[in-house]
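I am opening my notebook on a structure that is new to me. Come and look along as I jot down what I find.

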Amino acid sequence: MTDDSNRRQCLETGIPSFDVLLGGGIPRRQTLIVAGNPGSGKTILCSQVAFLAAARGLPVVISTVTSEPHDKLVDALSGFSFFRRELLGEKLFLMSTYASLKKGAKEARDLLVHTVRERGAKLLFIDGLRAIRDLWQDEARLREFLYELGIGLSATDCVGLFTTEYPLEKLMALPEATTVDGIVSLSVNTRGVRRLRRVEVVKLRGRPHLPGEHLMRIGPEGVELFPRLETQIPSDKDFSPTRGRAGFGLPELDGLMEGGLPVQSTTLLAGSMGIGKTLLAAHFAAEGARRGEKTLFVSCFEPSSALLARAKRIGLDVQEVLASGALTLVHQPPAETEADVLIERILRDVARQGIQRLVLDGLTELELSIADPERRRTFLAALSVHLRAAGVTSLFTKEVSKIAGTELDFSDTPIAILGENLLLLRYVELRGRIHRILSILKMRDSKYDGNLREFEINDAGIRVLAPMRSVEGLLTGQARPLGASVVGESR
């Protein structure tokens, strides 16, 4: 469906991400309930839609159903950036239906429809269906009221937006659920010390909306929604890998991979704590920028100043490519930030800046910020497809928990399975000395040198050394010279 056709058939909410969830907006002449417990954000979301519609020149009617003064609602909304006091009165008309509701369903319906028709309103927002239910205590009357109100709004080409203070499970057993055309559920879940807001389009008549729950936040701008990445995967069926390599600018390392990583691929760079993952990733980013490729380096650990200082100590000075804009450094510790927010920002920067190389330094932090562990595999798979579709060559770093030892297991790391390339850095102990080794464990449809290599990091930079052929057990972290025996082991 074209954008013009969508605009003709839907009322755009003014919140682009909400329109995405709804499949384009609220269908014209339909009624929609926004449900959720007190404090879930129902009134803020619907008021935001109302103010944004009025700001676009569409007449809006907001009806309260209690005897409280309108000043209380206005004061509660005035702190959000969508609130514009000058819209009140002419474009956005506030009214109370409390008195007519006490008289009966017909009187309330007639008042609302008359006001909508008189003002040519395209949106009617009724805040508080539960208050009507509590007032009447009559299921049949409420059903009749909603049904006939829906007919009246449809006849005047007006959308109805109603809130009710019921969780979804309770609402679905009530007649309101079958009377209206659509239901949006807001919820707040507690996980540890965190409170996670979610939004779900439960039903929407005649519209292909996005399924499942999605992240919701409330901030100074009002409600922010983040559709799940997995529900918006671009088509990958016609993808054809681009020939070419994305190098690190380290001749010995690039030579092991016939020039570097395959372009538009996803790579996991895994290694022990402090072994040099970040510095190697910085080389990858700097080399891309030097080649004229727009590069984004996102650090989940270090501020940009600390990263620059560390890189400079090994002779990697990136000030020139930073100044030119070819390289962008972003410090984004996930902390309380959920993965949806972080990745939405990254993909937005990728699209806006035309990013060709991406480094995300701290995959473990990203994984932990995905609140639902069962979602991690599909989330990271979707991210890989999005980056590939955008023409990005991406590199993720991940810390291996053990510095040395026989256990080496990536089964709990979805990106290790989904990523096309896997590079491992590890410490090994040999003859009483700690060595750094590097190994390419897999690479997408490419030839590579699978020999284990020692590498060193010093003031002169990073250098990959010759293959270590005279020892065994390197990947276990407990190496020994070939032919040597272990105490207690029979020859």
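I started with how two helices pass each other: H6 crosses H8 in a right-handed way (right-handed if the near helix is turned clockwise from the far one by less than a right angle, left-handed if anticlockwise). Helices (H or I, at least four residues) and strands (E, at least two) are DSSP runs, numbered from the N terminus. This is a predicted model, where local features need pLDDT of at least 70 and side-chain atom pairs count only at pLDDT 80 or more, while totals for chains, interfaces and linings use all residues. Residues are numbered from 1 along each chain as its sequence is written, and side-chain values use heavy atoms, without hydrogens and water.

Next I looked up the angle. The axes of H6 (residues 105-119) and H8 (residues 139-155) come within 10 Å and cross at roughly 20°. That makes H6 roughly parallel to H8, as angles under 35 degrees count as roughly parallel. The axes are lines fitted to C-alpha atoms over the stretch in contact, with angles from 0 to 180 degrees between N-to-C directions.

Which residues of H6 meet H8? I found Ala105, Ala108, Arg109, Leu112, Val113 and Val116 in H6 against Arg141, Phe145, Glu148, Leu149, Gly152 and Leu153 in H8. Contact here means heavy atoms within 4.5 Å.

Then I turned to strand S3 (residues 31-35). Is S3 mostly covered or open? Five of its five residues are buried, so I noted S3 as mostly covered (buried means under 20% relative accessible area, exposed over 50%, partly exposed in between, with a 1.4 Å probe and protein chains only). In a regular strand the side chains alternate between the two faces of the sheet. On one side of S3 I see Thr31, Ile33 and Ala35, on the other Leu32 and Val34, all buried.

I checked the neighbours of S3 too. Five bridges join S3 to the parallel strand S7 (residues 159-164), and four join S3 to S8 (residues 182-191), also parallel. Two strands pair if DSSP finds at least two bridges between them. Ile33 has Phe162 as its bridge partner in S7 and Ile183 in S8.

My last stop was Gln30, in the loop between strand S2 (26-27) and S3. Gln30 counts as buried because its relative accessibility is 13%. Leaving out residues up to four places away in sequence, Gln30 touches Cys158, Val159, Gly160, Asp181, Leu204 and Arg205.

Technical notes
Angles under 35 degrees count as roughly parallel, over 145 as roughly antiparallel, 65 to 115 as roughly perpendicular and the rest as oblique.
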